[in-house]
Amino acid sequence: MTPNETRAALEQLALQPSKALGQNFLADRNIAYLIVDAAGLHDDDTVLEIGPGLGALTELLLELARRVVAVEKDGRLFEFLRERFGRRQKLQLVHADALEFDFAPVAPFKVVANLPYSVATPLLQRLVDSPARPRRMVLTVQREVADRLTAQPRSKDYGALTLYTQLYYEVRREHIISPRCFIPPPAVESAVVSLRLAPHPLLEPALEAPFKELVRAGFGQRRKMLRGVLPKLATGVTVNAGRLEAALKRLDLLPTARGEELSLAQWLLLTRELVAPAAEPK
Ligand code: SAM
């Protein structure tokens with residue numbers, strides 16, 4: 001949609017964009033094409049769009065995909081979209097909160113969305129944790145969230161969100177988007193990230209929960225050494241100091257290592273070392 005079309009739609013609806021619902025509408029057709037293009041859609045794809053808003057992306061998705069499921073929380077926008085696209089057979093409009101919507105019946109699907117910034121991280125987490133994990137996602141998020149998703153070890157943005165996401169997805173930053181491309185402009189820059197489901201799981205399912213628990217503990221107090229935080233874990237993973245030190249040694253890490261120094265591959269190895277049954281004493 002052009003800026004004029006976007007303003008006209010907002011006027012027609014007498015809609016004061018809601019900050020709580022992250023309502024910054026994309027008003028730049030070229031950017032809309034770039035976003036949709038990054039999803040590499042085929043005519044047999046089902047696409048889930050979260051927060052279709054006025055339909056800036058929806059109109060392009062409908063040209064390319066076999067089926068579009070668009071979940072909008074705001075009733076006024078839901079009605080607007082019903083009027084705008086109501087006759088399109090391939091569109092399933094849903095008036096719901098995407099934080100509660102059950103994605104499973106839509107699978108297999110891809111996701112294309114300009115996420116409401118107010119809930120971008122929990123929505124992303126929900127998609128990543130879903131048993132019906134999408135095989136491809138192209139998401140516009142605050143630049144700061146994109147930085148966390150693509151962060152490298154030892155950087156300030158590297159943390160649990162980076163590792164939880166990269167456990168399943170290869171993440172790439174595709175574009176930076178200026179606030180001027182939205183009406184109203186958000187306070188910060190945005191970025192488009194693409195997430196591609198890894199072709200093979202990096203960890204056996206039984207180790208996923210311990211991995212997440214170790215990572216959460218490792219970054220809970222990020223300035224602390226792993227030997228100060230991991231042995232205090234309460235559940236499934238038994239981390240005694242001697243075993244941790246031996247595991248760090250086998251990974252060529254110093255006993256003083258902190259969580260932010262370990263790459264994803266090292267976190268995976270550390271999980272295996274700590275969760276595998278300890279060797280029986282001879
Ligand atoms: N896709 C449109 C675009 O690109 O212009 C709108 C994007 S706007 C950043 C976010 C949209 O998500 C708004 O339409 C807002 O009403 C909707 N939204 C906010 N929270 C939501 C939620 N929990 N579930 C579904 N939609 C939500």
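The model is predicted: local features need pLDDT of at least 70, side-chain atom pairs count only at pLDDT 80 or more, and totals for chains, interfaces and linings use all residues. Residues are numbered from 1 along each chain as its sequence is written, and side-chain values use heavy atoms, without hydrogens and water.

**The whole chain**

Select the protein chain and display its C-alpha atoms, which fill a box of roughly 75 × 35 × 30 Å along the principal axes. Switch to a cartoon to find 11 helices and nine strands; helices are DSSP runs of H or I with at least four residues, strands are runs of E with at least two, and both are numbered from the N terminus.

Next, show the surface. Of the 282 residues, 49% count as buried, that is, under 20% relative accessible area.

**Helices H1 and H4**

Two packed helices are described by the angle between their axes and the distance between the axes. Select residues 3–13 (H1) and residues 75–85 (H4): their axes come within 11 Å and cross at roughly 115°. Axes are lines fitted to C-alpha atoms over the stretch in contact, and angles run from 0 to 180 degrees between N-to-C directions. H1 is therefore roughly perpendicular to H4 (65 to 115 degrees).

Which residues make the contact? Select Ala-9, Gln-12 and Leu-13 of H1, together with Arg-76, Leu-77 and Phe-80 of H4; contact means heavy atoms within 4.5 Å.

How values were computed: Angles under 35 degrees count as roughly parallel, over 145 as roughly antiparallel, 65 to 115 as roughly perpendicular and the rest as oblique. Buried means under 20% relative accessible area, exposed over 50%, partly exposed in between (1.4 Å probe, protein chains only).
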